[in-house]
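Please work through the questions below with the model open. Each answer sets a value against its criterion and then draws the conclusion.

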Amino acid sequence: MFWKFDLHTTSHIDQLLDREDVTLRELMEEEDVLQECKAQNRRLLLFLSQDHSMQELVNLITEEPSSDLEEKTRFKFPNIACELLTSDVTLINDKLGGDESLLEKLYHFLEQDPPLNPLLASFFSKTIGNLIARKTEQVISFLRKKHNFIGLVLNHLDASAMMDLLLRLISCVEPAPLRQEVLTWLNEEQLIQRLTELMQTERDEERQSNASQTLCDIIRLSRDQANQMPEAMEPDPLLTVLESEENVARLLKSMFEGEKSEASIVNGTQVLLTLLESRRSGLEGLMELYSQGCERSYTVSGSILRAIEPHLKDFQQLLLDPPKKSAILTTVGVLEQPLGNARLHVARLVASLLQTSDHSVCQELCRLNTMDLLLDLFFKYTWNNFLHFQVELCVASILNHSAHTGLQIPTLQNHDEKAVQGSESQKEEGTPVMLFLCYMILDAWEENDRIQAEGGTRRGNMGHLTRIANTVVQNLEKGQVQSQISDLIKELPEDCRGRWESFVGQTLRETNRRNTVDLVSTHNLHSSSEDDDMESPFPNDLSIQQAFSDYQIQQMTANFVDQFGFNDEEFSEHDENINATFDRIAEINFNIDADDNSANAAAFEACFKERIQQFDDCEEEEDIWEDKEINYATQVKSRSRYSTQLFGVSSSSDSSPKGPVRNGQRGRGSASEEEEDEEGAAQPPTQTATSKKMGSPQTPQSKSFSKPVVSNPGPGELFSCRV
């Protein structure tokens, strides 16, 4: 065995530790230093936990490496040092968390002027985060003594690693009472208010983005943990501040004060959307929820909605006058005035507000005619599916919540007729938005059909337009606003009402039918066999096929072996019993109506006679095991190709003057055979062969050939086999 040779290799680290002058850098040069550390190499851990080693490890992750080093190896040792400090080894955690001088050295990293090195910031955040999770009380006690800790972290928030550090303070502190103390401390430090101030337009975009993401993550983490905690626990103070009307108003003020900035608007809107978002129900689930006329599974805080409502006019103005953007080149051409991320987020906000079904907010949106502007954008930007989906959500929300909120379907005010094509004369001020939507659907569909008929490309919003039309039709049939939509449809002009009825009964129905057809059908798949062109004389009875299929499925059960009809005893060595019962197999029944005089019976009989050779029982069969003497003689006729292939013997035309040699036929006892033998004996022998008795049995298929007997061949004798 291999262990006899003592192939076990000792780590080179142990050899280095035998030296008294070994240095930390020498150990970190070894490839398996991390593996040995996590494997609890006692000698290595004792060396690493020494004061001078810990000081050097902390220095490596907090001090900038020399710029003279090669770039690919410049951060090699800081990276290894971070991995060693966060290897989750108790000895190292105790040393680092219990030594205040080491914590002071780590904290000193935050006191540097921004910007921080992003890689070193990630090493620092990972190390502190590991200590927060493993040495919670010691580290929290140390950080609370530093009155400027939150300010320093926010000062370096342009580095995403600082955002991770704040989230670890909120989510990784255990037990629950200690976590509540930390949340109270962060609230006393006004963490939420200071993060909101970073959303102001004059701040740099990176800091705004990280502040927005931090607020969104705090909202989600706080809500998730509040659902898991018992009701007796105190409410999360950070979440309470975030959902307060005062803080939301402060956020909106920072978004709209001063010059309009797309980054400030987008980042601030993301926080509002997080405050309004549902419990991760999914988009398809949300659409299904609306189609069934159901309510949201939770109630949005009224303070959030009361703070947003006065600023709805500011969001409306963003739809009319967004931040300027330059033209962009797309796959469908040059877009002179892109939609922009700001207007897309406004559409998302409007959809979320409509989903709340708040009467006051919905009335304000109707008064501002926001839905009309979104429909204009829907048909103007035909290739922006992000916008199309938000408009679809808005339509679904209006149709599903108008009835039970007492909200009338909004009317059309100050419509910009340049944004759409067709039927402009019918879109007058005061037109209900649902009628306007019907006009738009009909005009857009006819325009798309015209473009496709001319060889153009199908518009990109036709899929969402189909779903919007289906939503209108479903609510017209059985929705909560069925009566309102029915009355509005009746108010359509006669020609337009006829177009709508024709569209619903024919065009939309055919589109829905095509959309439900499987892309791949398995019903007409055929094999590539040569027999495909052959017509079977038997009828293709599907009922018989189905019966046999059901029978097969019935047999393939967990106890299939027990039901099949065999058992182990029937296959034992002492009893070669192959007469096992087939009772279960015989249970299948086929109802075949075949009379003796029917065409099916005649076809079956014809096929039977053609393909199956009958055997005559009266014919005396030859004993295949009987030893018989086989005489060989020189043949003057060639053997057939089949005999040549069987025995591996080839012959040429000049091996016999009379041409090819032919195999002997069964029952060669006639005078012609004797003449052939005499004629062959007179010719000079051309090839020899030997034969010997065959001891293996022959199958019935090979019974036409007798066993060859090998004899001493003479020169030139030809090998042949009597049959």
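**Questions on the predicted model**

Q: Where in the chain is P175 placed?
A: P175 lies in the loop between α13 (160-171) and α14 (176-188).

Q: What makes the peptide bond that joins E174 and P175 a cis bond?
A: Its omega is about 5°, and the bond is accordingly assigned as cis. P115 sits in the loop between α9 (100-108) and α10 (118-134). As a rule, most peptide bonds are trans.

Q: Why is D88 called partly exposed?
A: Its relative accessibility is 38%, and the partly exposed class is the one between under 20% (buried) and over 50% (exposed). D88 therefore counts as partly exposed. Q190, at 44%, is also partly exposed.

Q: What is the count of disulfides in the structure?
A: The count is zero. A disulfide would require a pair of cysteine sulfur atoms within 2.5 Å. Of the cysteines, C82 has 1% relative accessibility and is therefore buried, whereas C172, at 25%, is partly exposed.

Q: What makes the contact of R223 and E243 a salt bridge?
A: The side chains meet at 3.1 Å, N to O, and the cut-off is 4 Å; the pair therefore qualifies as a salt bridge. The two residues link distant parts of the chain: R223 is in helix α16 (residues 205-228) and E243 in the loop between α17 (237-242) and α18 (245-256), 20 residues apart. R223 is buried, because its relative accessibility is 8%.

Q: How do you know that the side chains of E189 and R194 meet in a salt bridge?
A: The N to O distance is 3.9 Å, which is within the limit of 4 Å. R194 is partly exposed, at 27% relative accessibility.

Q: How do you know that the side chains of R306 and D358 meet in a salt bridge?
A: Their N to O distance is 2.8 Å, within the 4 Å criterion. This pair, too, links distant parts of the chain, with R306 in helix α21 (residues 302-308) and D358 in the loop between α23 (341-355) and α24 (359-368), 52 residues apart. With 32% relative accessibility R306 is partly exposed, while D358, at 16%, is buried.

Q: How many salt bridges does a search of the whole structure find?
A: It finds 32. R19, D21 and E26 are linked in a network of salt bridges.

Q: What is found at the start of α24?
A: A side-chain oxygen of D358 comes to within 3.4 Å of the backbone nitrogen of S360. The residue that follows α24 is N369, with a positive phi near 60°.

Q: Which residues of α24 are buried?
A: They are V361, C362, E364, L365, C366 and L368. Their cover includes α21, α22 (312-320), α23 and α25 (370-380).

Q: Which residues of α9 are buried?
A: The buried residues are L102, L103, L106 and Y107. Because they cover an arc of only 140° around the axis, they lie on the same side of α9. In an α-helix there are 3.6 residues a turn, so residues three or four places apart point the same way. The buried residues of α9 pack against α5 (51-62), α8, α10, α11 (136-145) and α12 (149-155).

Q: What pLDDT does the chain average?
A: The average is 75, and 63% of the residues score at least 70. Residues 280-286 stay under 50, with six contacts beyond four places in sequence. Residues 634-723 are also below 50, and the model gives this stretch 138 contacts beyond near neighbours in sequence. Where pLDDT is low, the predicted coordinates should not be read in detail.

Terms used: Residues are numbered from 1 along each chain as its sequence is written. This is a predicted model: local features need pLDDT of at least 70, side-chain atom pairs count only at pLDDT 80 or more; totals for chains, interfaces and linings use all residues. Side-chain values use heavy atoms; hydrogens and water are left out. Helices (H or I, at least four residues) and strands (E, at least two) are DSSP runs, numbered from the N terminus. Buried means under 20% relative accessible area, exposed over 50%, partly exposed in between (1.4 Å probe, protein chains only). Contact means heavy atoms within 4.5 Å. A polar contact is a pair of N or O atoms within 3.5 Å; within protein, one must be able to donate a hydrogen and the other to accept it, and residues adjacent in sequence count only if both atoms are side-chain atoms. pLDDT is the predictor's confidence in each residue, from 0 to 100. The arc is that of the directions from the helix axis to the C-beta atoms.
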